[in-house]
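User: I would like to learn how to read the features of a protein model. Please take me through them in turn.

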Amino acid sequence: VIEFDWLASNPATADSCDDWTGSCEKDVDKNGCSGIAKGYGDVWDTWAGWLDEIAVVLKEFKHDDGTDIPVIFRFLHETSGRWYWWGDGSNSTGGKVCPMEDYIEVWNQTHHYMHNYHDLHNLLWLYAPSDPKSKYKSSFEQRYPGDHVVDLVGFDQYDSVGWYNETILSSCETVTNFSTAHGKVPVIAESGVIDGIQDVWDDKWFYRDYAKKLMEDKYCSKLAYALSWENAHPDQYWVPLPNDRTFEGFIEMYESDYSIFADDKKWQKYASEYGYNSGL
């Protein structure tokens, strides 16, 4: 399954968005959400231009027989947090950086533009707030875009090694229950130890404290998939390297019945049985 993960820049400022430099948080007082929500004007034109570029690429995702390849479309994530221009934070004047009405409209405008204007029907729309257990009101009562424009409901969750199991299991329960009630597919959209796996010394962590705990939990075991953050920085990463202490447990998880990776023969078997082409 392919995921398009878009860490969008603020169209009101056109600043590039880079987690490592903090520019995603730059100029949050300049409300990009309201400009997009209008559906016209300079901010909307910038946003639509970016969507046009994305659509050109996504239209190329086809099998040899012309069948569309499904792509998970992930954007505007962690909206229940306060660190992005589309988040639930406050600006310097005490108002919302992106009011809930604007956030919902941005999501719906984007969905309509890609679905109707660009005729893209192979996108699976993923809504993924941050820490949904403690931020339930923001995540699901105020900022949820609507069942008609969401296919998957996930969550982003980070914590220290000592607290990780408790927080992720509670988030699993919250998201699984919401997804079941709304007919959506529950997932872990992004998760890991908060400062990276490089300093974790428990060699069995990935097998015993991650895979086993998730798959033996009645809520987490209903999730379609779990995704870590990328290894984008040499000093801070979330998938262990061969010389890391946690690599042993990662391989044990990989070889266990708790997981199916993209190159796993079980995955290829199921993909074939359900009619999906596989070039793996």
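Analyst: Let us begin with a buried residue: at 1% relative accessibility, Cys-33 counts as buried. The word buried means under 20% relative accessible area, exposed means over 50%, and partly exposed lies in between, with a 1.4 Å probe and protein chains only. This is a predicted model, in which local features need pLDDT of at least 70 and side-chain atom pairs count only at pLDDT 80 or more, while totals for chains, interfaces and linings use all residues. Residues are numbered from 1 along each chain as its sequence is written, and side-chain values use heavy atoms, with hydrogens and water left out.

User: To which residue does a disulfide join Cys-33?

Analyst: A disulfide is a pair of cysteine sulfur atoms within 2.5 Å. Here the partner of Cys-33 is Cys-98, with an S to S distance of 2.1 Å. Cys-33 lies in helix H1 (residues 32-38), whereas Cys-98 lies in the loop between strand E2 (71-75) and helix H3 (100-117), so the pair ties together parts that are 65 residues apart in sequence. Helices (H or I, at least four residues) and strands (E, at least two) are DSSP runs, numbered from the N terminus. Cys-98 also counts as buried, at 0% relative accessibility.

User: Why is the disulfide of Cys-33 and Cys-98 left-handed?

Analyst: The torsion about its S-S bond is about -105 degrees, so the disulfide of Cys-33 and Cys-98 is left-handed.

User: How many disulfides does the structure hold?

Analyst: The structure holds two disulfides. In the link of Cys-172 and Cys-220 the sulfur atoms are 2.1 Å apart. This pair links distant parts of the chain, 48 residues apart: Cys-172 is in helix H5 (residues 161-182), and Cys-220 is in the loop between helix H6 (205-215) and strand E6 (226-228). With 105 degrees about the S-S bond, the link of Cys-172 and Cys-220 is right-handed. Cys-172 and Cys-220 are both buried.

User: In what order do the six strands form the open sheet?

Analyst: Strands of a sheet pair through backbone hydrogen bonds, either parallel or antiparallel. Two strands count as paired if DSSP finds at least two bridges between them. In this model the order of the six strands is E1-E2-E3-E4-E5-E6, and the pairing is parallel. Strand E1 (2-6) and E6 stand at the edges with a single partner strand each, so one side of each is left without a neighbour in the sheet. Strand E4 (residues 152-159) pairs with strand E5 (residues 185-193) in the parallel sense over eight bridges. Val-153 stands opposite Pro-186 in E5.

User: What is the value of phi of Leu-76?

Analyst: Most residues other than glycine have a negative phi. Phi of Leu-76, however, is near 50 degrees, a positive value in a residue other than glycine. Leu-76 lies in the loop between E2 and H3 and is buried, with a relative accessible area of 2%. Phi of Asp-131 is also near 50 degrees. Asp-131 lies in the loop between strand E3 (123-127) and helix H4 (136-142) and is partly exposed, with a relative accessible area of 22%.

User: Is Tyr-274 buried or exposed?

Analyst: Tyr-274 is exposed, with a relative accessible area of 65%. Tyr-274 lies in the segment after helix H8 (265-273).
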